[in-house]
Amino acid sequence: HAPNSKSRQDRDQSPAGCMLRRPTVRLLRLELPVLEQLRLEEAILRVDKSSNWCVLNRQPRDAPPSVVMGISARVQQLVHEQRVRQDGVPLIKRFSGGGTVYIDRDTSLVSLIANHSALPDVKPFPRPIMSWTEQWYKRVFERQQGGGAESLFSLQEHDYCWNDKKIGGNAQSVSAQRWLHHTSFLWDADMERMAELLKLPDRSPDYRAGREHDEFLTTLSSLGLFESLDAFHDAVVDGLSPWFEVVEDAGDLELAREMLAVDHYRKTTLL
C-alpha cells in the first residue's frame, strides 16, 4: 500500500473492530407535522421489506404543538385532557410504545428503521436496540466535544440524558424482520407549557426522583455543542458512518409517500 492509503480491511472496520461491509440507509430530512411523520414511518416499517431508513424531522413553523402518547398509554393518567381539548392541541397515539411527549418546533425528531440483518449483532428487542443506539449517540456527542473527551451523555433506563437530566425520550416498534427506534430530543423546551398539558406519570424512572419538568429536563441548545438544530441533525447523520453508508435521494420522500397508499396495519391515530 501507498504510505497514506488504507486497506479495504481498515476501511471496513466497525468501532468494535469487526469486519463489516456497511449496509445503506436512506436519509429523509423532513419538516412535517408529527402526525404525518408518524404515519409515514409506520408505512415504511410495515410496507418496505428491504431498505433501512433514517428520518430527521422538525415541525413546520405553522404546525401546532402536539401531545404524542405511546400505543398503550391512558389519556386520563398522563394528560390534562380538559386543557388539551380546550386549547385545541392535537392529541396523538402513535404506533410504538414509550411515554408521552410534548412536540413543538423546537423538538428534534430522529428515527431509525432497520432490517434485523443490517445490524445482526443487535437482538431485536428494546433493550439491545437502545444499547446500540447509546453507542451511536455517544459518538455524536463525543465527536462534537472534540479531543476524545468522554461526554456526559448516557442512556438511563429508557431515556437519553446529559448528566442526570433528560434530553430525549425513546420508543420502539419491532416486527418480524425490522425494527424502528425513534427519539424526541429537546432542542429547546417550553417547560411551563409542558406542565400545563402533561401530568407527572404514576410510574417514572428512578433517576427522576420526583423532579418537576423544569428540574428533570434540559435542552440540547443549552449544552453549547451544536450551533443549531440542523447542525445537530448533521452530527446525527455523521454518527451513523461506522455502521451505515448514508444515501440521500430527492425521490425518497415520494417513494415513502407511495407506501401510505399500500394496504397495511395502521395504529397511529388522532384522538
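How many nonpolar, polar and charged residues are there in the lining of the largest pocket? The lining has 21 nonpolar residues, 19 polar and ten charged. Please keep in mind that this is a predicted model.

Staying with that pocket, its volume is about 1,300 Å³. In total, 50 residues line the pocket, and those closest to its centre are Gly98, Gly99, Thr100, Asp159 and Lys166. Several elements supply at least two lining residues each: helices H2 (34–47), H3 (75–78) and H7 (213–216), together with strands E5, E6 (107–115), E9 (165–174) and E10 (178–186). Which of them gives the most? That is E9, with seven residues.

Strand E5 takes us to a sheet. Four strands make up this open sheet, in the order E5-E3-E4-E12, and the pairing is mixed. At the edges are E5, residues 101–103, and E12, residues 269–270, each of which pairs on one side only. E5 and E3, the latter covering residues 66–69, run antiparallel and are joined by three bridges. Across that pairing, Val101 in E5 stands opposite Val68.

Next, the charged pairs. Side chains of opposite charge can pair when their charged atoms come close. The count here is 13 salt bridges, and I will show three of them.

The pair I start with is Glu81 and Arg85, whose closest N and O atoms are 3.4 Å apart. Both residues lie in helix H4, residues 81–86, and they are four residues apart, about one turn of the helix.

The next pair is Arg193 with Asp87, where the closest N and O atoms are 2.9 Å apart.

Arg193 has another partner, Glu196, in a salt bridge of 2.8 Å from N to O. Here the two residues both lie in helix H6, three residues apart, about one turn of the helix. Glu196, at 25% relative accessibility, counts as partly exposed. Through shared partners, salt bridges join Arg83, Asp87, Arg193 and Glu196 into one network.

Last, the nonpolar core. Which residues of the largest nonpolar core touch the most other members? Out of 36 residues, they are Trp132, Trp136, Tyr137, Phe141, Phe232 and Phe244. Two or more residues of this core come from each of the strands E1 (24–30), E2 (52–57), E6, E7 (153–156), E8 (159–162) and E10, and from each of the helices H5 (126–145) and H9 (229–239). H5 gives the largest share, seven residues.

Two of these strands link back to where I began. E6 and E10 each give two or more residues to the core, and each also supplies at least two residues of the lining of the largest pocket.

That is what I had to show.

Terms used:
Residues are numbered from 1 along each chain as its sequence is written. This is a predicted model: local features need pLDDT of at least 70, side-chain atom pairs count only at pLDDT 80 or more; totals for chains, interfaces and linings use all residues. Side-chain values use heavy atoms; hydrogens and water are left out. Two strands pair if DSSP finds at least two bridges between them. On a 1 Å grid over the protein atoms alone, a cavity is a set of points where a 1.4 Å probe fits but cannot get out, and a pocket is an open set with protein on both sides within 12 Å along at least five of seven lines; lining residues have an atom within 4 Å of a point. Grid points are joined across faces, edges and corners, and a volume is the space filled by probe spheres set on the points. Ala, Val, Leu, Ile, Met, Phe, Trp, Tyr, Cys and Pro count as nonpolar, Asp, Glu, Lys and Arg as charged, and the others, Gly among them, as polar. A salt bridge is a side-chain nitrogen of Lys or Arg within 4 Å of a carboxyl oxygen of Asp or Glu. Buried means under 20% relative accessible area, exposed over 50%, partly exposed in between (1.4 Å probe, protein chains only). A nonpolar core is a set of buried Ala, Val, Leu, Ile, Met, Phe, Trp, Tyr and Cys residues joined through side-chain atoms within 4.5 Å.
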